[in-house]
Amino acid sequence: MAEPFLAAAGHMAPEIALVTAGVEVDVLGIGHDEIAEEQRDAVLAVHPRSDFKNGILREFTRRVSPRPQTTFCNF
């Protein structure tokens, strides 16, 4: 995976490191090209994304819009 994650992962509980890695791949695309297409297809067959991109954008907007002065890097 990406170098910054590997450096930080050593300081996280295993469960936190796993969730962080999932977010980095799924939301940010970090390391996406390091996962074989067959593996991605197998995961998506069991856990379809169902408009994930628009859903996460709506949720981020919903959570930060009530506090526009304090939302920069503050999720």
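**Note on the structure**

1. D51 is found in the loop between α3 and α4, where helices (H or I, at least four residues) and strands (E, at least two) are DSSP runs numbered from the N terminus. D51 has a positive phi of about 60° although it is not a glycine. With a relative accessible area of 46%, D51 is partly exposed; buried means under 20% relative accessible area, exposed over 50%, and partly exposed in between (1.4 Å probe, protein chains only).

2. S50 is found in the loop between α3 and α4. Its phi is near 40°, again a positive value in a residue other than glycine. S50 is exposed, at a relative accessible area of 63%. Most residues other than glycine have a negative phi.

3. As to the basis of these values, the model is predicted: local features need pLDDT of at least 70, side-chain atom pairs count only at pLDDT 80 or more, and totals for chains, interfaces and linings use all residues. Residues are numbered from 1 along each chain as its sequence is written, and side-chain values use heavy atoms, with hydrogens and water left out.

4. The mean pLDDT of the protein (the predictor's confidence in each residue, from 0 to 100) is 80, and 76% of the residues score at least 70. Among the elements, helix α1 (residues 3–9) has the lowest mean pLDDT, 56, whereas α3 has the highest, 93.

5. The protein has 4 helices and 0 strands, and along the sequence the pattern reads α-α-α-α. Of the 75 residues in the protein, 12% are buried.

6. The structure holds 3 salt bridges, each a side-chain nitrogen of Lys or Arg within 4 Å of a carboxyl oxygen of Asp or Glu. In one of them, D26 pairs with R49, the closest N and O atoms being 3.1 Å apart. D26 lies in helix α2 and R49 in the loop between α3 and α4 (52–64), so the pair ties together parts that are 23 residues apart in sequence. D26 is partly exposed at 34% relative accessible area, as is R49 at 35%.

7. Within helix α4, E59 and R62 are 3 residues apart, while E59 and R63 are 4 residues apart, about one turn of the helix. E59 is partly exposed at 28% relative accessible area, and R63 is partly exposed at 49%.

8. About 280 Å³ of space lies in the largest pocket. On a 1 Å grid over the protein atoms alone, a pocket is an open set of points where a 1.4 Å probe fits, with protein on both sides within 12 Å along at least five of seven lines, and lining residues have an atom within 4 Å of a point. The lining includes D26 and R49. The elements that give two or more residues to this lining are α2 (14–28) and α3 (37–46).

Key
Points joined across faces, edges and corners; volume = space filled by probe spheres on them.
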